[in-house]
Amino acid sequence: GFQSGADVEGVAFSTNRVGVMFGLDFTAEKVTTYAQATTADIALFNRFFHGMLKRGVYLAPSAFEAGFMSSAHSDQDIADTLDAARGALRQARG
């Protein structure tokens, strides 16, 4: 959902996940190494992070940290998070 929102908003974005752990990188290339992650747009991540906070979604504050889902997240929680992400992506890109 994060990736499709970024695609719709025209934001260079790459996602990774393993099980319930996920990573978000503001870059067009698939990130598979730390070196690649350091080339991502950190300023854009910061704008996205603060946009998500304004929308009530609390993500890890560093572009290099992972996020986690759990069984405590309902389908509605996920839908609300993705709606917030689309708005935050739109705002972050300027």
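On a 1 Å grid over the protein atoms alone, a cavity is a set of points where a 1.4 Å probe fits but cannot get out, and its lining residues have an atom within 4 Å of a point. This is a predicted model, in which local features need pLDDT of at least 70 and side-chain atom pairs count only at pLDDT 80 or more, while totals for chains, interfaces and linings use all residues. Residues are numbered from 1 along each chain as its sequence is written, and side-chain values use heavy atoms, with hydrogens and water left out.

**Cavities**

- The structure holds 2 cavities of 30 Å³ or more, where a volume is the space filled by probe spheres set on the grid points, which are joined across faces, edges and corners.
- The largest cavity has a volume of about 100 Å³, and its lining includes Phe22, Gly23, Leu24 and Phe45.
- Strand E2 gives the most to this lining, with 3 residues; strands (E, at least two residues) and helices (H or I, at least four) are DSSP runs numbered from the N terminus.
- The second largest cavity, with a volume of about 30 Å³, is lined by Leu24, Asp25, Phe26, Ala37, Ala40, Asp41, Ile42, Phe45, Ala63 and Phe64.
- The lining of the second largest cavity divides into 8 nonpolar, no polar and 2 charged residues, where Ala, Val, Leu, Ile, Met, Phe, Trp, Tyr, Cys and Pro count as nonpolar, Asp, Glu, Lys and Arg as charged, and the others, Gly among them, as polar.

**Aromatic pairs**

- A search of the whole structure finds 6 aromatic pairs, meaning rings of Phe, Tyr and Trp (its six-membered ring) whose centres lie within 6.5 Å, with planes under 30 degrees apart counted as stacked, over 60 as edge-to-face and the rest as tilted.
- Phenylalanine 13 and phenylalanine 26 form an edge-to-face pair, 5.0 Å centre to centre and with 75° between the planes.
- Because phenylalanine 13 lies in the loop between helix H1 (2-9) and strand E1 (14-18), and phenylalanine 26 in the loop between strand E2 (21-25) and helix H2 (34-37), the pair ties together parts that are 13 residues apart in sequence.
- Phe13 and Phe26 belong to one aromatic cluster together with Phe45, Phe48 and Phe49.

**Serine 14**

- Serine 14, found in strand E1, counts as buried at 4% relative accessibility, since buried means under 20% relative accessible area, exposed over 50% and partly exposed in between (1.4 Å probe, protein chains only).
- A polar atom of the serine 14 side chain lies 3.4 Å from the backbone oxygen of glutamate 29.

Methods. A polar contact is a pair of N or O atoms within 3.5 Å; within protein, one must be able to donate a hydrogen and the other to accept it, and residues adjacent in sequence count only if both atoms are side-chain atoms. On a 1 Å grid over the protein atoms alone, a cavity is a set of points where a 1.4 Å probe fits but cannot get out, and a pocket is an open set with protein on both sides within 12 Å along at least five of seven lines; lining residues have an atom within 4 Å of a point.
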